[in-house]
Amino acid sequence: MKRKKKAAEPAAKRRRLRDRDGELVGDGDLISKLPDDILGTIISLLPTKDGARTQAIARRWRPLWRSSPLNIHGAHSLCSNAFKCFSVVSRILADHPGPARRFHFHHIRLHKDKKRHAEEAAQVDNWFHSRALDKLQELDISFEFLGYEPRKLYPLPPSVFRLASLLVATFSFCEFPSQIAPSLSFPTLKQLTLFRVFICEDVFRRVLSACNVLESLELTDICDANCSRLGISSKSLRSVSLCACFSGKGELFIEDAPLLERLLLPCPGAGSDTVRVIKAPKLEILGPLSPCIPEIEIANIFFKSLIPTSLNNTIDTMKALALEFSATDLNAVIDVLRCFPCLEKLHVIWKKHNLKIGMKDARQYDPQDPVKCLETHLKKLVLKNYLASKQGVGFAKFFVLNAKLLKEIKFGVRNSINKEGVVSNKINSKLWLANQYRLLEMENRASRDVQLEFVRSHNEEQLDPHDLSTADPFKCYFVN
């Protein structure tokens, strides 16, 4: 009898965990005791399928999914069949009254059969007419190439342009219409990304003019063969990223951007774009510049393959600069620094596959013809893919001996360095560090406050033009 009593006791406890409505109560389900608004927030953070499944937990949970903000993220996780995803998404949008916060659907794939294709295209267009998306905040959609016309991009659904509540928008692998209604307006859009899209110059201007509070813009691979020129004018833009914008030669004009602070060029060797900055009086972060960029104009300074055509003009607003080279070209760096007398932070990036190329012969630095930023402003130097070779040491030593206000030199070491200074995992060994201090002639340093730091270079770097919270967008190149 005693055994039966002990066995029955846990069962009694389990029964007490549910009330007469079938809801879990007691110590077994503390989550259900939370207020509805908190439970709704939790549900909105779950994957779409899991969020919908919470309706089956208990009676109290049933209305929570429909009253919680809707997030459709990774629509392909909703079902294994890519084509069935259309009906699943349509059903979710029909069942949920909204509002929706995020709608992320990558690699939208339509049938090759033209009839099925037309039906699915209409279904996609209807998504953005849904009441659930009336107050959508984040949109990220991309398409696959049209199956019946190779290399042709899918037309962007016209209904997308009714989403006036967007804060963040990303469009990939799609074709913008050749004309857009004058009434187009995205009054709250702050971040816009266009990746591998067809868009003509007139439509691009119309889209930008519809974004009155746009803060960051990212352009990559604008593949319209008829478009070889894009102009950017915006009273609100603070950050612009340009990467291989044209399939052939093209020109990008920043015509009028009074608040622009950063111009990022994350893949300077990937295209043949010419960049012209006509009016950006607050520009203070630039790069990476590279000899691979055929021509870049900033205010009244022209660089051709990174060589300034004149050293008489300067830009006093620039605070942070990144340069990318195949070799340790100290002469080129010095000439560029003369154009930015108020520079405070310099990043120098050496391409990993060209690290064995020797340093070009450097001119003798003339103290009678000083580089102003070395005398009065430069506080931080960052070297990515540094090798403790003769060339790398010589490059860094120049700044140790001549930058009078330098506070820090950060060496981004690629994986490792060996006893010859090329490959080893002991970048923090006391012997190796002592040897570096000796080779860099730290005892003769121009700034008594300068500190050296050796960290590992990040292998997968990616600049984020939309993160305006960080003062240094190039810090992603390193891990501590």
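Close-up 1. Glutamate 255 is partly exposed, at 21% relative accessible area (buried is under 20%, exposed over 50%, and partly exposed lies in between, using a 1.4 Å probe and protein chains only). Arginine 229 is also partly exposed, at 28%. Their side chains meet in a salt bridge of 3.5 Å, N to O (a side-chain nitrogen of Lys or Arg within 4 Å of a carboxyl oxygen of Asp or Glu). The pair links distant parts of the chain, 26 residues apart: glutamate 255 sits in strand β10 (residues 249-256) and arginine 229 in strand β8 (residues 229-233). Strands (E, at least two residues) and helices (H or I, at least four) are DSSP runs numbered from the N terminus.

This is a predicted model, in which local features need pLDDT of at least 70 and side-chain atom pairs pLDDT 80 or more, while totals for chains, interfaces and linings use all residues. Residues are numbered from 1 along each chain as its sequence is written, and side-chain values use heavy atoms, leaving out hydrogens and water.

**Close-up 2. The salt bridge of aspartate 256 with lysine 235.** Here the closest N and O atoms are 2.8 Å apart. Aspartate 256 belongs to strand β10, and lysine 235 to the loop between β8 and β9 (239-246), 21 residues apart. Aspartate 256 is buried at 17%, whereas lysine 235 is exposed at 59%.

**Close-up 3. A network of salt bridges.** Glu201, Arg205, Arg229 and Glu255 are linked in this network.
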